[in-house]
Amino acid sequence: MHIVLQLIPKKYLIGGTLILLGLSGLLIMSTIVAITGEFEKDSQQSEVTEIEGGGIGVGTANVSPQVMKYQPLLEKYAQKHGLDASYVPIMMALMMQESGGQGNDPMQSSESKCGRVGCIQNPEASIDQGVKHFKSVLEKAHYDLELCLQSYNFGPGFIIFVNKNGGHYTKELAIKFSQIQYQKVKHTGNYHCLRPEAVPYQACYGDIAYKDAVLKYYTGTITADGKPAASGGSGGKSDVKVIDAGKTLIGKTRYVFGGGRSQSDINAGRFDCSSFVRWAFEQVGMNVGPMSGVTTDTLKTQGQAINPKDMKPGDVVFFDTYKIDGHVGIYVGNNQFLGCQGKTGVAIASMAKGTYFGERFNGRVKRF
């Protein structure tokens, strides 16, 4: 072998050696890339969520084709403004009542933007502003949907009036508010009763039946007090109140592993799955663990174990992700849960069969 090497020119020996070293390096790099790729693929998959409706349960808009054509734009701007997609059918019903999908301002949102009718002359601009305004009113109404809808017509002053008179929408309060406001403006001659039933009350400011008029175009789940709720009945004592509390963070947070364990994190909207669940239950007066020490493992020791067949909105559900019970959320009904996920922060995600979380739901359900 030594004689053979001596017969080969030195330059060829050096070249061959370099080629062998290069091939070896490529082989090693390929192996590393393959391993890293699998790790990243698994890591990214752990953050995948399927964002679906859930803010008010599964609903259907019963509207004209003119309104239906705007559904993609409503979904686009709901996402832009951080509004749960399940409110889209309600906004379609609202558009049906406002304009039937006709004209350049189908959501009649000019007044909310510039204080006068007619400043918006583009349907997409109308929807952008309308969704933004709807979300603003919804938040001011603390997600009381009936109050939100009536306030879309009356203006935000109605929310202040309701908060001073019991805190919840009623038809009687709508009539009273209209009466008071009408007395202030009737001298202008610009207001008249839109409905015959409003005449005896002299409730001629706005439309006292606006909320009912919108909802006649909507089929879905709304609780008696107008609060957002998913269909499927009530859970334990946490019930849907914890869902209402949790949903106030939709579109306002980001997922940070280990986040949510200090007040500064919470103020900045930094949560992980278990700290979010702890926070949501704290908002309804339930202590399920210390802020600084909550984990999925501490949460699974709380409450009463429930058969998955019997789980209801407000129950806490666990998933095997990077470890057993590695992820946790709050069940909202219709095979959906509310949780803090990697790419979305707090959001509604599907746990139906065939979805990422559906395949990882481990059957552990706790009722706090």
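**View 1. Start of helix H8 in the predicted model.** A side-chain oxygen of Asp144 lies within 3.3 Å of the backbone nitrogen of Glu146, at the start of H8. Glu146 is itself one of the buried residues of this helix.

**View 2. Burial of helix H8 (145-154).** Of the 10 residues of H8, 9 are buried, so the helix is largely enclosed by the rest of the structure. The buried set consists of Leu145, Glu146, Leu147, Cys148, Leu149, Gln150, Ser151, Tyr152 and Phe154. The cover over these residues includes H5, H7, helix H9 (157-163), helix H10 (171-185) and helix H11 (210-215).

**View 3. Tyr143, in the loop between helix H7 (123-140) and helix H8 (145-154).** The phi of Tyr143 is near 65°, a positive value in a residue other than glycine. Most residues other than glycine have a negative phi. Tyr143 has a relative accessible area of 9%, and because buried means under 20%, Tyr143 counts as buried.

**View 4. Gln108, in the loop between helix H5 (88-98) and helix H6 (110-114).** Gln108 also takes a positive phi, near 50°, and is a residue other than glycine. Its relative accessible area is 39%, which lies between the 20% limit for buried and the 50% limit for exposed, so Gln108 is partly exposed.

Definitions and conventions
Residues are numbered from 1 along each chain as its sequence is written. This is a predicted model: local features need pLDDT of at least 70, side-chain atom pairs count only at pLDDT 80 or more; totals for chains, interfaces and linings use all residues. Side-chain values use heavy atoms; hydrogens and water are left out. Helices (H or I, at least four residues) and strands (E, at least two) are DSSP runs, numbered from the N terminus. Buried means under 20% relative accessible area, exposed over 50%, partly exposed in between (1.4 Å probe, protein chains only). Contact means heavy atoms within 4.5 Å. A polar contact is a pair of N or O atoms within 3.5 Å; within protein, one must be able to donate a hydrogen and the other to accept it, and residues adjacent in sequence count only if both atoms are side-chain atoms.
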